[in-house]
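Please open the structure in your viewer and keep the selection panel at hand.

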Amino acid sequence: MDVPSKSNKGWQDIVTGKKTYTLKFLAAKILLGRLTRSIKDNPSPDNVSSGVEQLHNLLAQNAHVPSVQEDLKTIFG
């Protein structure tokens, strides 16, 4: 599965904690925990955008890893 573009609303939903998923890729799980706490403390559009960018980049760089592909299917269907 290709990594959806950063403009996909699913990215904002996951980094803001609006939607929660149990991720299998450990690095994404750790990053997401940090991002959701940061965005909860500072929900500014810039901080949300930064969170989307960080999570998107991590998953895009590791898109070949089977657990990342499973996580993308879980999040984006």
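Display the surface of this predicted model. The protein exposes about 4,700 Å², and carbon and sulfur atoms supply 51% of that area. Of the 77 residues, 36% are buried.

Next, show the C-alpha atoms alone. Along the principal axes, they fill a box of roughly 35 × 20 × 20 Å. The radius of gyration is 11 Å, which agrees with the value near 11 Å for a compact globule of 77 residues.

Now switch to the cartoon view. The protein contains four helices and zero strands, in the order α-α-α-α along the sequence. Consider also the contacts between residues at least 6 apart in sequence: 66% of them join residues at least 24 apart.

Select residues 26-41, helix H2, together with residues 45-61, helix H3. How do the axes of these two helices cross? They come within 10 Å and cross at roughly 180 degrees; angles over 145 degrees count as roughly antiparallel, and H2 and H3 are therefore roughly antiparallel to each other.

Show the side chains where the two helices meet. On the H2 side, the residues include Leu31, Leu32, Leu35 and Ile39; among those they meet in H3 are Val48, Leu55, Leu58 and Leu59. The residues of this contact divide into 10 nonpolar, four polar and one charged.

Finally, select Ser44, in the loop between H2 and H3. Is Ser44 buried or partly exposed? Its relative accessibility is 25%, so Ser44 counts as partly exposed.

Technical notes. Residues numbered from 1 in each chain as written. Predicted model: local features only at pLDDT ≥ 70, side-chain atom pairs only at ≥ 80, totals over all residues. Heavy atoms only, no water. Axes fitted to C-alpha atoms, helices over the stretch in contact; angles between N-to-C directions. Parallel < 35°, antiparallel > 145°, perpendicular 65-115°, else oblique. Contact = heavy atoms within 4.5 Å. Nonpolar A, V, L, I, M, F, W, Y, C, P; charged D, E, K, R; others polar. Buried < 20%, exposed > 50% of the residue type's maximum accessible area, 1.4 Å probe, protein only. Rg over C-alpha atoms; globule rule 2.2 N^0.38 Å. Areas by Shrake-Rupley, 256 points an atom, 1.4 Å probe, with all protein chains shown as cover.
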